[in-house]
Amino acid sequence: MKSEDYSESLVVHFRRAEVLRQQALDLLAIDLNERQLFDLELLLNRGFYPLTGFMDQAVYESVVQRMCLSDGSVWPLPICLDVTEETARRLVPGQAVALNDQEGFLLALLTVSDIWTPDRREEARRVFGTDDPAVHPGVRQLLEGTNPCYVGGTVEGVSLPIHYDFLQLRLTPSETVRRFTMSGWRRVLGFHTEHYLHCAHREMVFDAARRVGAAVFLQPVVGLDHPGDVDFYTHIRCYQVFTSKFPPNMIMLGLSPFASRRAGPREALLQAIMRRNFGCTHFMVAEDHADPFARSNGEPTRLFYEKGAAQELVAQYAARTGIEMVPQQDYCFDEESGRYYPVQEAPSEAARVITSTELQQRMTGGETIPPWFVWPDMVTELQRAFPPRSKQGFTIFLTGLSGSGKSTIAKVLLVKFMELRERPVTLLDGDIVRKNLSSELSYSREHRNLNVTRIGFVASEITKNGGIAICAPIAPYEESRQANRALISRYGGYVEVHVSTPLEVCEQRDRKGLYAKARAGKIQGVTGITDPYIPPSQPELCIDTSTITPLEAAQEIILHLQQQGYLA
Ligand SMILES: Nc1ncnc2c1ncn2[C@@H]1O[C@H](COP(=O)(O)OS(=O)(=O)O)[C@@H](OP(=O)(O)O)[C@H]1O
Ligand SMILES: Nc1ncnc2c1ncn2[C@@H]1O[C@H](COP(=O)(O)OP(=O)(O)O)[C@@H](O)[C@H]1O
């Protein structure tokens with residue numbers, strides 16, 4: 001396109017966007033969730049070409065049952081907009097609806113074609129191969145994480161979803177096609193990944209590209225949070241290091257906003273179609289591609305889909321999709337010859353593959369990483385995401401009856417950590433939180449859980465930023481304690497301490513007269529008397545303070561932290 005033509009088309013686009021913005025002021029608006037935003041972005045940037053909007057019922061059924069659109073072209077997964085029953089009742093065919101991001105910023109106008117209640121169990125059976133949410137996380141997401149009604153219709157874009165990070169890498173299909181052409185790339189091998197890549201991956205990608213005579217388009221999936229994954233920014237910086245290890249003009253990095261369904265072969269096929277839209281001629285597919293239980297680097301694991309099924313499906317449809325399947329082979333390192341080999345061709349049993357889990361363990365344990373495994377500049381990046389435990393933040397969560405000794409132990413720990421001066425320390429004591437953060441809450445089960453998860457949220461932020469959080473609420477219920485454990489252990493250490501001092505001792509202490517009041521019937525719902533305390537099922541430590549001093553109790557916790565490597 002000539003530059004005058006391009007400026008003219010931009011002007012037309014801006015004028016049209018302004019018209020749509022005015023129109024949207026009077027329309028019903030739907031604020032899209034993260035998954036829906038990813039789908040919308042791919043509809044607007046034509047990553048999902050030939051789709052021009054969210055599928056209507058006929059197309060949806062055809063895709064679910066026969067994997068094709070109404071014109072017969074291959075399409076393996078439904079791309080639908082799910083809404084609540086309440087929203088569905090407010091919609092009629094022909095109506096225009098504003099589609100906003102989570103902050104209410106207008107992204108597109110949807111012209112509704114139909115609204116229906118899909119049989120999501122049937123969808124799950126067809127698309128995922130099971131309708132049991134217990135055995136497949138994708139099915140769980142579909143049945144429990146999406147709304148019950150679907151809305152179909154074409155979308156007209158006002159703006160692509162806004163990103164502020166790594167803008168130079170957020171390439172649309174038209175941008176990648178233009179860049180491939182300008183680079184003289186006629187054959188391009190698309191490589192989709194969610195894992196961090198290392199030296200053996202370079203050999204793997206290099207060999208595959210050489211075999212088919214193609215350059216490489218590395219397009220990692222970014223966006224949805226994967227618990228336990230390397231921190232997002234480190235992840236991308238590692239991809240940048242990875243691409244720097246290839247000869248000039250051989251590899252390009254671009255970020256894809258795809259929301260994975262973990263639908264195995266069908267998902268691999270959709271990813272292949274997307275890569276074709278981004279300008280690739282070949283697509284690398286792993287044996288366990290998009291399997292919900294897939295792991296990088298050949299870690300042994302029980303897969304949901306048959307090994308190799310994804311490769312077969314993508315290869316089977318290659319002529320119709322216009323993109324060829326290239327099988328992905330795992331590589332290992334043979335120390336004797338100092339060379340990398342496809343795992344099946346390794347000259348000796350001793351050839352080494354380090355798995356993602358082992359790498360993570362080595363990083364957090366502060367162990368060395370052999371140079372044949374990860375380049376030193378990538379190790380530096382990874383060390384930021386996986387600091388050794390002695391540099392990670394952690395939370396000590398003391399739970400137990402009133403008077404069991406939580407606050408006293410917490411105060412001793414606070415002083416000890418302040419003395420060490422290694423990390424910033426925050427004490428989130430039950431009474432203090434009640435005054436400052438949860439003053440409106442009662443002592444009902446619901447409110448206690450809310451209070452405890454609020455404490456957990458604050459502790460998770462402190463832990464994430466490398467600090468120490470000491471929490472000391474009663475926390476009588478397992479559900480909120482488990483939620484805190486799951487949240488906080490994503491970011492650092494979590495030590496649950498059950499201060500298990502028996503009720504009789506707590507009652508004898510009765511520093512606040514709480515038990516006396518409860519026994520006299522002056523207050524209701526006191527934990528241990530008329531309200532339950534459910535002991536933690538698997539606390540890291542159990543401390544009964546009836547026979548030990550506060551200092552001794554604190555020392556037990558410090559010892560545990562030292563054993564676990566959190567304190568040097
Ligand atoms: N009904 C009832 N049950 C238990 N405790 C009561 C109640 N009413 C007031 N208090 C005082 O509030 C403190 C407990 O609040 P928490 O926020 O730690 O409780 S919870 O975790 O939300 O269950 C607790 O403080 P601690 O003694 O420091 O534990 C009590 O003094
Ligand atoms: N080993 C111990 N650890 C903690 N507190 C103890 C210990 N031995 C005796 N106590 C006494 O028990 C009481 C516990 O009160 P507190 O720490 O406020 O409990 P909680 O915060 O669990 O309600 C304090 O008076 C404290 O001096």
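Reader: Is isoleucine 548 buried, partly exposed or exposed?

Author: The model is predicted; local features need pLDDT of at least 70, side-chain atom pairs count only at pLDDT 80 or more, and totals for chains, interfaces and linings use all residues. Residues are numbered from 1 along each chain as written, chains are lettered from A and ligands numbered from 1 in the order written, and side-chain values use heavy atoms, without hydrogens and water. Buried means under 20% relative accessible area, exposed over 50%, and partly exposed in between (1.4 Å probe, protein chains only). Because its relative accessibility is 25%, isoleucine 548 counts as partly exposed.

Reader: Which residues does isoleucine 548 touch, not counting those up to four places away in sequence?

Author: Contact means heavy atoms within 4.5 Å. With residues up to four places away in sequence left out, the residues touched by isoleucine 548 are Ile543, Ala553 and Glu556.

Reader: How far is a nitrogen atom of ligand 2 from a polar backbone atom of isoleucine 548?

Author: A polar contact is a pair of N or O atoms within 3.5 Å; within protein, one must be able to donate a hydrogen and the other to accept it, and residues adjacent in sequence count only if both atoms are side-chain atoms. From the nitrogen atom of ligand 2 to the polar backbone atom of isoleucine 548, the distance is 2.6 Å.

Reader: What separates the C-alpha atoms of isoleucine 548 and leucine 269?

Author: Along the chain, isoleucine 548 and leucine 269 are 279 residues apart. Their C-alpha atoms are separated by 63 Å.

Reader: How far is an oxygen atom of ligand 2 from an N or O atom in the side chain of lysine 406?

Author: Ligand 2 also has an oxygen atom 3.2 Å from a polar backbone atom of serine 404. For the side chain of lysine 406, the distance from an oxygen atom of ligand 2 to an N or O atom is 2.9 Å.
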